[in-house]
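Reader: Please take a close look at one part of this model. Then link that part to the rest of the chain, and state the cut-offs as you go.

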Amino acid sequence: GFLTVTNELNFGDVFIGYNRTVTDLGPSAGRFQFYHMDDNRENVRITLALPLTLTNGSNSVNIQFSQSYTSYSYTNSTTGRVYFNPYNPLIIRNLRRGRIVYFWLGGTVQSSSNIIPGTYTGTINITVEILP
């Protein structure tokens with residue numbers, strides 16, 4: 001299978017003491033796509049390993065993900081998306097050869113009044129498995 005990240009999740013400038021949400025429909029949502037080239041239709045499990053915080057050195061800010069902002073579709077469109085819980089594996093059944101599955105991921109950064117200014121980052125690991 002082939003997994004491509006087409007956009008990294010980016011919260012932009014977050015003001016101290018304010019939360020910032022990026023929805024799956026927004027231009028700064030995380031976006032990736034997957035397809036396989038096996039001859040058979042396949043059952044696929046997609047698992048996201050999501051950070052609890054974004055860090056800047058020893059400083060951190062909380063991040064949360066939600067079923068409200070995590071979706072996939074067989075078309076690269078804002079309509080017709082299927083929403084799923086990003087903390088649970090997603091299983092897509094009978095995925096045919098070459099059919100692209102598009103994914104979008106948003107979330108919420110929870111800033112506090114004592115946060116240190118700077119660039120905060122985190123890693124999202126995506127695992128795609130073809131099931132037996």
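Author: Start with Ser 58. Its relative accessible area is 75%, so it counts as exposed (over 50%; buried is under 20%, partly exposed in between, with a 1.4 Å probe and protein chains only). The model is predicted, so local features need pLDDT of at least 70 and side-chain atom pairs pLDDT 80 or more, while totals for chains, interfaces and linings use all residues. Residues are numbered from 1 along each chain as its sequence is written, and side-chain values use heavy atoms, without hydrogens and water.

Where does Ser 58 sit? It is in the loop between β5 (53-56) and β6. Strands here are DSSP runs of E, at least two residues, and helices are runs of H or I, at least four, all numbered from the N terminus. Now take Ile 116. In sequence, Ser 58 and Ile 116 are 58 residues apart. In space, their C-alpha atoms are 10.0 Å apart.

β6 (59-64) leads on to the largest pocket, as one of the elements that give two or more residues to its lining. The others are β1 (2-7) and β3 (30-35). β3 gives the largest share, three residues. The pocket holds about 840 Å³ of space. A pocket is an open set of points on a 1 Å grid over the protein atoms alone, where a 1.4 Å probe fits, with protein on both sides within 12 Å along at least five of seven lines; lining residues have an atom within 4 Å of a point. The volume is the space filled by probe spheres set on the points, which are joined across faces, edges and corners.

Gln 64 and Phe 65 bring in Tyr 87, which touches both, along with Leu 50, leaving out residues up to four places away in sequence. Contact means heavy atoms within 4.5 Å. Tyr 87 lies in the loop between β8 (82-83) and β9. Its relative accessible area is 43%, so it is partly exposed. Pro 117 is 30 residues from Tyr 87 along the chain, and 29 Å separate their C-alpha atoms.

Next, β9 (residues 90-95), which holds Asn 94. Asn 94 is not a glycine, yet its phi is positive, about 55°. Most residues other than glycine have a negative phi. At 48% relative accessibility, Asn 94 is partly exposed.

Asn 94 is also one of the contacts of Asn 43. Beyond neighbours within four places, Asn 43 meets Ile 92, Arg 93, Glu 129, Ile 130 and Leu 131 as well. Asn 43 lies in β4 (residues 42-49). It is partly exposed, at 22%. Leu 131 is 88 residues away in sequence, but 5.4 Å away from C-alpha to C-alpha.

Now the whole chain. It has twelve strands and zero helices. Of its 132 residues, 32% are buried. Among contacts with a separation of 6 or more, 75% join residues 24 or more positions apart. The C-alpha trace spans about 55 × 30 × 20 Å along its principal axes. The accessible surface is about 7,700 Å², and carbon and sulfur atoms hold 45% of it (Shrake-Rupley method, 1.4 Å probe).
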